[in-house]
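This briefing is meant for a reader meeting the structure for the first time. Please look over the sequence and the model before reading on.

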There are 2 protein chains.
Amino acid sequence: MGEEAGELSSAECDTLAIVGVGLIGGSIGLAARQRGIARQVVGIGRRQSALQLACERGAITSMSTDLATGVAQADLIVVCSPVETIPDLVAQVAEHCPHSALITDAGSTKQAIGAALDERLRADQATFNGSHPLAGSEKAGVANAQADLFVDRLVILTPTDRTPAAAQDRLQAFWKGLGAQVRCLTPARHDSVLAATSHLPHVIAAVLAAATPSDFLAFAATGWADTTRVAAGDVDMWQQILRQNRDCVLRCLDDFAKVLNCLTRALERQDDAAVAEILTLGKRQRDALAD
Amino acid sequence: MGEEAGELSSAECDTLAIVGVGLIGGSIGLAARQRGIARQVVGIGRRQSALQLACERGAITSMSTDLATGVAQADLIVVCSPVETIPDLVAQVAEHCPHSALITDAGSTKQAIGAALDERLRADQATFNGSHPLAGSEKAGVANAQADLFVDRLVILTPTDRTPAAAQDRLQAFWKGLGAQVRCLTPARHDSVLAATSHLPHVIAAVLAAATPSDFLAFAATGWADTTRVAAGDVDMWQQILRQNRDCVLRCLDDFAKVLNCLTRALERQDDAAVAEILTLGKRQRDALAD
């Protein structure tokens, strides 16, 4: 392996290890293989059946149910597991992967994970640099993985003062190699932004779906379907995200409730101008987004 | 025309008039022509340019900016205009169309329109039977019209005790002829259901979009985009809907706020079971809808 390293472009690695081969992990494997980013991809997970499917789909080239074995030869390890399990898994990876390896994750929260790992990772271990690919779906599992899932999507990296510049460059090159665009934010800023753009929408979609009388669902059309789509996401995964980013989400809920209350009071008092103001702002912000 | 009437299937009409040839009106015209439901389609509107475009797109076969002229020969007239303008337009249509004609609309509210027309239409005039096709888009205008917009979509008809059975049958056959499925509800029930399945989602999407800090929009991904999609809809059109269905929408807002408050308090006190209950109910209701 060593003698081949010189041939690798900055985006490439010899052995990519993916811990948790579901929708995100599977898509990373598919993209890395199809784009020639990794010579081999080791899938690591607890369920042999999921690893087998990942293999059949071409997302991984080998598999292991043992973390230590799976990461032993890896240059880059991506931990794609529910956010609350990430610190433990990254710490275990760091015990068994080469010192020169780079470890990242794909978690939707960053501050709690970063803080836990700052305490747990030693200076003589592999570097951890958090990633959050803003891609995914309410459809889980490697069966739904796509090689182009990250193309033109944003991946937020959350390096800290302690992250070596070389590790940051390497991680950026990796995600760009999968077709993504990359931005860097601090873990705190990431969690504050994502609370508003992802975690709050999930909560609101779930509340809207839950508040709909079930005998009205037969009349739900595309508007209801779009507005509630993300509520189909895995409940346990989302509870973990909400627990890890609780303070930011609660602040967003407070902001949302204030605007909602404004609109409700305006409708009550038939204040057309006040209703128009909120609807117009909402439209302007939505229109600012292509699609 | 009379001698040809015997050749017409129940879904067909000789002359279909469409008042307001935008996304919905244009799609009705396209579908009626492509499916052989109408021998000719008269587009009626104020703006010559929109009528011209409707003609070029094949949605109408002739055009008129004069309502009286446009409906004079019509068997079926569909008023596709913002909800607050529907009663006046239907009353004008009834003054000028044949007594044997059937008038319907495509409005998103039904009670206020029905009540206004109950007072205004005389027994010697054409019959009005309300329709609401649950199809559409945040994209307006005949440029976005599609011949298959109604295929497998639901159209709610709101006949009353005074609507002749023959008119109900004729209207059902018309919409089924465009590919739609048809359900009948009372105007009151329609407005109560649609408040929850369409009008509330619009308000919530607008509030969510409005409450998002604008400097975070660069990080908005598919979750935010889906959840806020309908907020891009025309503000004036939606204000009219909210004014006409204010009481029902306010009741829905109250129900929504109660569930939202439950979830917020549960997150505050870290009550995982209570959070899970709402997320699980939301997921179950969303999963009940095939995409």
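This is a predicted model: local features need pLDDT of at least 70, side-chain atom pairs count only at pLDDT 80 or more; totals for chains, interfaces and linings use all residues.

**Salt bridges, the contact between chains, and the core**

Over all chains, the count of salt bridges comes to 30.

**A pair within chain A**

- A:Arg243 and A:Glu84 meet through their side chains in a salt bridge, with N and O 2.7 Å apart.
- Because A:Arg243 lies in helix 9 of chain A and A:Glu84 in the loop between strand 4 (76–79) and helix 4 (86–96) of chain A, the pair ties together parts that are 159 residues apart in sequence.
- A:Arg243 counts as partly exposed, at 32% relative accessibility, and A:Glu84 is partly exposed with a relative accessible area of 33%.

**A pair within chain B**

- In chain B, the side chains of B:Asp271 and B:Arg269 meet in a salt bridge at 2.9 Å, N to O, and B:Asp271 is partly exposed, with a relative accessible area of 23%.

- Between chain A and chain B the count is six salt bridges, and one of them is formed by the side chains of B:Asp226 and A:Arg229, at 3.7 Å from N to O.
- B:Arg229 forms a salt bridge with A:Asp226, and their closest N and O atoms are 3.8 Å apart.
- B:Arg229 lies in the loop between helix 8 (222–228) and helix 9 (235–244) of chain B, while A:Asp226 lies in helix 8 of chain A, so this pair joins two chains.
- Both B:Arg229 and A:Asp226 are buried.
- A network of salt bridges links A:Asp226, A:Arg229, B:Asp226 and B:Arg229.
- As a general point, side chains of opposite charge can pair when their charged atoms come close.

**The contact between chain A and chain B**

- The contact takes 78 residues from chain A and 79 residues from chain B.
- About 7,200 Å² is buried between chain A and chain B, and carbon and sulfur atoms give 70% of this area.
- On the side of chain A, the residues that lose the most area to chain B are A:Phe219, A:Gln285 and A:Arg286, which together make up 11% of what that side buries.
- Between the two chains, 18 residue pairs are in polar contact, counting pairs with both residues at pLDDT 80 or more.
- The elements that give two or more residues to the side of chain A that touches chain B include strand 8 (154–158), helix 8 (222–228) and helix 11 (272–287) of chain A, and helix 7 of chain A gives the most, with 17 residues.
- The residues on this side of chain A divide into 47 nonpolar, 17 polar and 14 charged.

**The nonpolar core**

- The largest nonpolar core has 135 residues, and those with the most contacts inside it are A:Ile77, A:Ile103, A:Phe256, B:Ile77, B:Ile103 and B:Phe256.
- Helix 7 of chain A gives the most to this core, with 14 residues.
- Leaving aside neighbours within four places in sequence, A:Ile103 is in contact with residues including A:Ile77, A:Val79, A:Cys97 and A:Phe128.

**B:Thr163**

- B:Thr163 has its place in the loop between strand 8 (154–158) and helix 6 (165–177) of chain B, and B:Thr163 is buried, with a relative accessible area of 9%.
- Not counting residues up to four places away in sequence, B:Thr163 touches B:Thr127, B:Asn129 and B:Gln168, and the side chain of B:Thr163 reaches the backbone nitrogen of B:Thr160 at 2.8 Å.

Methods:
Residues are numbered from 1 along each chain as its sequence is written. Chains are lettered from A and ligands numbered from 1 in the order in which they are written. Side-chain values use heavy atoms; hydrogens and water are left out. Contact means heavy atoms within 4.5 Å. Buried area is the accessible area (1.4 Å probe) that two parts lose on being put together, summed over both. A salt bridge is a side-chain nitrogen of Lys or Arg within 4 Å of a carboxyl oxygen of Asp or Glu. A polar contact is a pair of N or O atoms within 3.5 Å; within protein, one must be able to donate a hydrogen and the other to accept it, and residues adjacent in sequence count only if both atoms are side-chain atoms. Helices (H or I, at least four residues) and strands (E, at least two) are DSSP runs, numbered from the N terminus. Ala, Val, Leu, Ile, Met, Phe, Trp, Tyr, Cys and Pro count as nonpolar, Asp, Glu, Lys and Arg as charged, and the others, Gly among them, as polar. A nonpolar core is a set of buried Ala, Val, Leu, Ile, Met, Phe, Trp, Tyr and Cys residues joined through side-chain atoms within 4.5 Å. Buried means under 20% relative accessible area, exposed over 50%, partly exposed in between (1.4 Å probe, protein chains only).
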